[in-house]
Amino acid sequence: MEPAGAGAEAGAEAPQGAAAAASPPRRRLLAQLRAKLCTWHILKTILLGQMLSLFICGTAVTSQYLAEQYQVNTPMLQSFINYFLLLLVYTTILAFRTDGDSLLQILKQRWWKYLFLGLADVEANYTIVKAYQYTTLTSVQLLDCFGIPVLMALSWFILRARYRLIHFIAVAVCLLGVGTMVGADILAGRQDSEGSDVVIGDVLVLLGASLYAISNVSEEYIVKNLSRVEFLGMVGLFGTIISGLQLAIVEHRDIMRIQWNWKIALLFAVFALCMFGLYSFMPVVIKVTSATSVNLGILTADLYSLFFGLFLFYYKFSGLYILSFVIIMVGFVLYCSTPTRTAEPTAVPQLRSTGLDNAGLKLEENDSQTPAVTVQFTREESVVVSTD
């Protein structure tokens, strides 16, 4: 018979053994999550994405400062300066290129494709800025996210990208973060006006988001299959032509009314440098990740603009801004944790003439292997059969 103390010790050791048995799977799960999420690839993607967000933040802050402090509203002029810088740098590189396709060869082979790409990129920038005159900030922030599902759909059909369940969950989490940010704007009282025509403004936002999606998918295809310099050089060339023509038509009066001084010139220069940096580095990030991943990462650009606005434009702070930033980053990390796969094109079987020729040869071979039969009659009328 066991003593009472031994039974108590056995009872005390049982829970400890169960806890020890349960801890290895938990530690193993944590180790797997750490190995999957805490990688150099994800860290690099986050840093590159936030660098792009800061460039966008710089363009937004300088544009708002020009509009509020100096009453300068010339989005097409600002875009023209950016495209002209791309033309000076990257189109010039294409013109003097010795290896690969030169500028003339590219124009001969696919000029019309880059014409449509330049038109989509210029009008995407213009329609989004123009929408602010008709609708509210909330509508622009929410409807601008329409570009993400459009981008995923275009990537599915054009780039043959195939998504997993985790990618759709990650996109939903990012959109939840955007909704949190919009709620923080409403609580902070940033909705100053209701817009002159909300329907027109909303349509412009949806159109601009779709054009951005087309531009980004085209950019990913060109960067991964051709070259970054070709994309930037062609966008710079056709973007300069299209924005220059549109500038002369719709903004020539606004430009004449600008009272130039060194502060306005400095704001234009900062905007141009931020936009040039955005266009120059976005292909690098897209080549490492994808266009969808980049668009999820730059959702934080509005939050950076809000943080700068706390000091420059005296916005009211809300703790929901921090929460929305965390939610967007969680969704972004989830999306980057699992790479998408590319579907292989299905090969259509073709009937070739060589198959019929081989069949004929096979028949001839079988005929040659068949033994020959010879029938002979003798005088005694008996039949003799021989095979060769």
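Analyst: The model shown is predicted.

User: In which helix does threonine 91 lie?

Analyst: The helix in question spans residues 75-95. Threonine 91 therefore lies in helix α3.

User: Is threonine 91 buried or exposed?

Analyst: A residue counts as buried under 20% relative accessible area. Threonine 91 has a relative accessible area of 6%, so the residue is buried.

User: How many residues of α9 are buried?

Analyst: Helix α9 covers residues 228-250, which is 23 residues. The helix is mostly covered, and the number of its residues that are buried is 17.

User: Which residue has a side-chain oxygen that reaches the backbone nitrogen of glutamate 230?

Analyst: The approach occurs at the start of α9. The oxygen comes to within 3.1 Å of that nitrogen, and it belongs to serine 227.

User: Which element gives the most to the lining of the second largest pocket?

Analyst: This pocket has a volume of about 460 Å³ and is lined by 24 residues. The elements that give two or more residues to the lining are α8, α12, α14 and β2. With four residues, the element that gives the most is α8.

User: How many residues in the lining of the second largest pocket are polar?

Analyst: The lining divides by class into nonpolar, charged and polar residues. Nine are nonpolar and four are charged, while the number of polar residues is 11.

Conventions:
Residues are numbered from 1 along each chain as its sequence is written. This is a predicted model: local features need pLDDT of at least 70, side-chain atom pairs count only at pLDDT 80 or more; totals for chains, interfaces and linings use all residues. Side-chain values use heavy atoms; hydrogens and water are left out. The expected span of a helix is 1.5 Å times one less than its number of residues. Buried means under 20% relative accessible area, exposed over 50%, partly exposed in between (1.4 Å probe, protein chains only). A polar contact is a pair of N or O atoms within 3.5 Å; within protein, one must be able to donate a hydrogen and the other to accept it, and residues adjacent in sequence count only if both atoms are side-chain atoms. On a 1 Å grid over the protein atoms alone, a cavity is a set of points where a 1.4 Å probe fits but cannot get out, and a pocket is an open set with protein on both sides within 12 Å along at least five of seven lines; lining residues have an atom within 4 Å of a point. Grid points are joined across faces, edges and corners, and a volume is the space filled by probe spheres set on the points. Ala, Val, Leu, Ile, Met, Phe, Trp, Tyr, Cys and Pro count as nonpolar, Asp, Glu, Lys and Arg as charged, and the others, Gly among them, as polar.
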